[in-house]
Amino acid sequence: MKRTTKRLISTALAGVMLLTMAGCGKNGGTDAANTETGKTETAKTEAAAKDNGGETGANNGAVPTITFYPSAANLSSGLVGGFRGDYFASRGFALDVWAYSDEKTNAILASGDLPDVMFIPENSLDIMIESGMLLNLDDYLDDMPHLQAYEPMETALKYIREYKSAGTGSVYGLTTDVGDNMARYKSIDSTERNAVKLRWDVYEEIGAPQMNSMDDVLDVMEQMLAARPTAEDGTPYYGTVLNNGSDSNYWANMVMWYRMQGYSEVQLPYLLEANMAEGTYSSILSKDSMYYKGLKWYNEAYRRGIMDPESINNDRPTQKIKVDEGYAMIPSGYLPGWAPTYYEYYIPGTKVYYNYTATYGKSRVMIGINANTKNLDACLAFLDMLCDPDAFLTVSSGPEGECWEADENGVAGLTEAGRAHMEKAKMGDSSGFVLSSGEKMELWNTPWVVANGAITSYKDADGTPLCCTTTGWPEVDSFGSQNESFKSWQEVTGHESWKEWLESEHAYFNDPDMEDVNNFTTNPDDMMKLTVDAIKDKVVNASWQMVYAEDEASFDSLWDKMVSDCEGLGAQEIIDWRLGDLKNASEIVKTLK
């Protein structure tokens with residue numbers, strides 16, 4: 001009976017995934033290829049390794065190679081080499097990263113051909129547990145010493161057993177980003193992307209005009225672009241830039257619009273927006289919604305010629321380059337800008353929400369091990385490394401002695417070369433730093449089990465414990481807050497720091513309950529998932545069309561059609577179900593206090 005149930009569950013999962021792929025316009029020849037996912041990835045890795053004059057870790061006999069599927073398209077695929085490859089080998093494994101895509105995720109789940117370790121799609125956790133895809137970690141938790149040593153994991157593991165185990169009470173995956181965010185230790189970018197940010201040098205150039213509304217932001221954006229239309233090499237600047245590569249679950253360009261004003265995008269798959277500052281949820285299908293206002297704002301930017309016209313063709317990496325290089329006057333969409341190129345500005349009447357601590361971690365991004373892996377010890381070593389703040393520091397900031405260094409007493413700080421790099425790059429991390437081997441550091445952008453503010457075994461010269469991200473080190477924050485751009489920001493705004501400005505306006509909110517609620521919501525059933533996916537396609541496509549609408553009449557017509565399409569698909573049922581689910585989750589959070 002148990003075997004039959006397992007087979008039925010697997011069949012149901014495959015059916016759902018194949019229906020999803022059909023909705024994406026896949027042809028009938030795709031299915032056969034899906035079962036070859038793992039073989040194809042391995043072949044690509046081995047071929048690439050041989051082209052580079054080497055072999056994969058699995059073949060050279062040094063350490064076992066494990067395959068890894070990331071949570072998003074934020075890692076380069078293939079066998080990890082360089083200093084990270086060496087470090088991973090010292091931890092007992094080599095890592096072969098599979099290329100990410102929504103289609104690949106569906107293919108992996110439908111075929112059951114999982115990598116050794118993977119991030120678990122939120123809506124697939126229960127069925128992956130029930131169908132035997134994921135390894136029960138109960139018998140192996142003691143084999144992960146860093147997991148045991150990381151104190152915040154005690155609460156997280158209790159939560160996982162109770163609420164993320166498909167009712168089994170066991171641990172089949174670990175939540176990510178458990179604990180404190182490194183922004184807690186910063187005076188600059190202290191609410192990360194949750195703020196309106198301006199390219200400060202150009203804003204000063206036009207006289208730093210006061211802004212009192214988001215409409216004023218568009219006016220200032222236009223003035224900034226008029227004053228600085230191109231870079232010195234002729235590369236065009238833009239008022240703002242969006243991207244079309246982050247829309248997996250909802251129209252992701254609402255992220256910055258929401259975060260600038262105290263809202264969250266997390267409930268968008270269910271047609272709800274969360275007012276994090278006030279603790280309320282409401283439908284996006286109303287003209288009173290922040291969603292509607294955001295689309296109007298983006299459309300106005302487009303029609304005034306201040307939005308990057310190629311936004312719909314930009315993927316996430318393209319948008320990131322345009323923002324990181326300072327080509328956007330006021331970042332929006334999905335990605336923020338960072339100091340010292342961009343600094344925050346408070347719009348009167350708005351609110352900013354930012355919570356620094358994830359008590360339970362992020363349950364929407366959990367990581368687990370393939371139940372059929374042939375490299376269990378290596379997989380456990382990888383998961384344990386993700387629980388080690390010192391490992392986080394090494395993987396993200398390079399080997400000790402290069403960008404940072406530590407003495408025999410564990411007193412750490414930047415090397416001269418590291419400090420010079422960060423001051424020149426105007427960044428607080430080691431991206432782009434050239435190691436003594438000649439290797440250029442690249443961002444390792446994938447979630448860890450520990451949050452990026454987790455405390456390492458190191459301290460600074462004053463005895464202050466150091467977090468696992470150099471951006472959060474007092475030394476880095478100090479030279480960032482002493483540069484001329486920040487001093488100018490202080491002079492123009494009349495405030496010592498962004499947090500101080502927000503607090504003086506009574507505009508900073510950080511109630512953790514609003515984020516904790518997201519960890520206690522439930523997943524829709526299979527039929528409702530199909531409805532959610534169908535609605536998502538309608539909303540994403542219509543949102544892009546509204547952004548590019550040529551006039552008000554076209555915009556209004558597109559909005560009305562989107563609302564009608566969503567209602568025809570059962571939008572109200574989805575909204576009512578999720579509101580009830582959120583109410584129940586909120587009650588759970590209250591009982592756990």
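# Close-up views of a predicted model

**View A. Asp308 and Lys322 are both buried.** Buried means under 20% relative accessible area, exposed means over 50%, and partly exposed lies in between, with a 1.4 Å probe and protein chains only. This is a predicted model: local features need pLDDT of at least 70, side-chain atom pairs count only at pLDDT 80 or more, and totals for chains, interfaces and linings use all residues. Residues are numbered from 1 along each chain as its sequence is written, and side-chain values use heavy atoms, with hydrogens and water left out. The side chains of Asp308 and Lys322 form a salt bridge, with N to O at 2.7 Å. Asp308 sits in the loop between α13 and α14, and Lys322 in helix α14, so this pair links parts that are 14 residues apart in sequence. A salt bridge here is a side-chain nitrogen of Lys or Arg within 4 Å of a carboxyl oxygen of Asp or Glu. Helices (H or I, at least four residues) and strands (E, at least two) are DSSP runs, numbered from the N terminus.

**View B. Glu552 pairs with Arg303 in a salt bridge.** The closest N and O atoms of the two are 3.1 Å apart. Glu552 belongs to helix α23 (residues 552-568) and Arg303 to helix α13 (residues 290-303), so the pair ties together parts 249 residues apart in sequence. Glu552 is partly exposed, at 38% relative accessibility. Arg303 is also partly exposed, with a relative accessible area of 32%. Both residues belong to a network of salt bridges that also links Asp219, Glu222, Lys296, Glu300, Arg304 and Asp556. The whole structure holds 28 salt bridges.

**View C. Lys362 meets Asp177 in a salt bridge.** The distance from N to O is 3.4 Å. Lys362 lies in strand β14 (residues 362-369), while Asp177 is in the loop between β5 and β6, so the pair joins parts 185 residues apart in sequence. Lys362 counts as partly exposed, with 38% relative accessibility.

View D. Contact means heavy atoms within 4.5 Å. Leu174 and Cys387 are 213 residues apart along the chain, yet their C-alpha atoms are separated by 9.8 Å.

**View E. Thr446 sits in the loop between α17 (416-425) and β17 (455-459).** Thr446 is buried, at 9% relative accessibility.

**View F. Ala166 and Glu192 have positive phi values.** Most residues other than glycine have a negative phi. For Ala166, phi is near 55°. Ala166 lies in the loop between α9 (152-163) and β5 (174-176). Ala166 is partly exposed, with a relative accessible area of 25%. For Glu192, phi is about 45°. Glu192 lies in the loop between β6 (179-180) and β7 (196-199). Glu192 is buried, at 17% relative accessibility.

**View G. Ala339 and Pro340 are joined by a cis peptide bond.** Omega is about 5°. Most peptide bonds are trans. Pro340 is in the loop between α14 (316-324) and β11 (342-345).

**View H. Glu400, Glu405, Asp407, Glu408 and Glu416 form a negative surface patch.** Patch residues have over 30% relative accessible area and no salt bridge, and like charges are joined within 9 Å. Glu405 lies in strand β15 (residues 404-406). Glu405 counts as partly exposed, at 40% relative accessibility.

**View I. The whole protein gives the setting for the close-ups.** The protein has 24 helices and 19 strands. Of its 593 residues, 52% count as buried. The protein exposes about 25100 Å², of which carbon and sulfur atoms supply 47%. Accessible areas come from the Shrake-Rupley method with a 1.4 Å probe. Among contacts between residues at least 6 apart in sequence, 74% join residues at least 24 apart.

Key. Patch = residues over 30% accessible without salt bridge, like charges linked within 9 Å, V, L, I, M, F, W, Y side chains within 5 Å. Lys, Arg positive; Asp, Glu negative; His and termini not counted. Charge placed at Lys NZ, Arg CZ, Asp CG, Glu CD.
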